[in-house]
Amino acid sequence: MDGLEPGKTIQIQSYKHNGQLHRVWDTTTVLKGTNNRVIGANDKTLVTESDGRTWITREPAICFFHAKYWFNVIGMLRDDGIYYYCNISSPFVFEDGAVKYIDYDLDVKVFPDMTYTLLDEDEYALHKEQMNYPKVLDKILWNNVDHLLHWVRQRKGPFSPEFVDQWYELYLTYR
């Protein structure tokens, strides 16, 4: 896929359901890019919030996006293990040099021991009402929460023991 060749740097752009830009990660290195999935990595990358505030990520992260699933996964390599931050979101699209998706507020934080916490249910309920999420979308999103949690419990996909380590090793060859 043009622009998603391994070693290229791209942006990650998160939007809200109403089309408003939510957050931008300035540089992510593509490790694998196809029509169906993108695996990228970044470390100490600039992040810009919708209100203009900026911050820098603290640790290396491996990012997993899929064109079929309504979530994406960020595996963060910390001294005490791999922590995962999972966004319930639209499947990604790649255009204008950026992976883009709609963030649907619900998040799952997964700890190194594979326990997890569902976050931001209040924010989801508020935005669901404010932005009039259709019933079918609500059903899709909750089904994908279940699918994501199944992957966590089964240690599938980005939650498999070797996934983050193997992609991080490849990332180091591009630095």
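Aspartate 138 lies in helix 2, which spans residues 135-154, helices being DSSP runs of H or I of at least four residues and strands runs of E of at least two, numbered from the N terminus. This is a predicted model, in which local features need pLDDT of at least 70 and side-chain atom pairs count only at pLDDT 80 or more, whereas totals for chains, interfaces and linings use all residues. Residues are numbered from 1 along each chain as its sequence is written, and side-chain values use heavy atoms, with hydrogens and water left out.

With a relative accessible area of 17%, aspartate 138 is buried (buried is under 20% relative accessible area, exposed over 50%, and partly exposed in between, with a 1.4 Å probe and protein chains only). Apart from neighbours within four places in sequence, aspartate 138 is in contact with Tyr124 and Lys128, where contact means heavy atoms within 4.5 Å.

A salt bridge is taken as a side-chain nitrogen of Lys or Arg within 4 Å of a carboxyl oxygen of Asp or Glu, and by this rule the count comes to eleven salt bridges.

Arginine 78 counts as partly exposed at 27% relative accessibility, while glutamate 59, at 12%, counts as buried. Salt bridges that share partners join Lys16, Asp103 and Asp105 into one network. Lysine 16 and aspartate 105 are both buried, whereas arginine 53 and aspartate 51 are both exposed.

On a 1 Å grid over the protein atoms alone, a pocket is an open set of points where a 1.4 Å probe fits, with protein on both sides within 12 Å along at least five of seven lines, and lining residues have an atom within 4 Å of a point. The largest pocket has a volume of about 560 Å³, a volume being the space filled by probe spheres set on grid points joined across faces, edges and corners. Of its 27 lining residues, Trp25, Trp55, Ile74, Met76 and Tyr85 are the closest to the centre, and strand 10 gives the most to the lining, with five residues. The second largest pocket has a volume of about 150 Å³, and its lining includes Lys16, Asp51 and Arg53.
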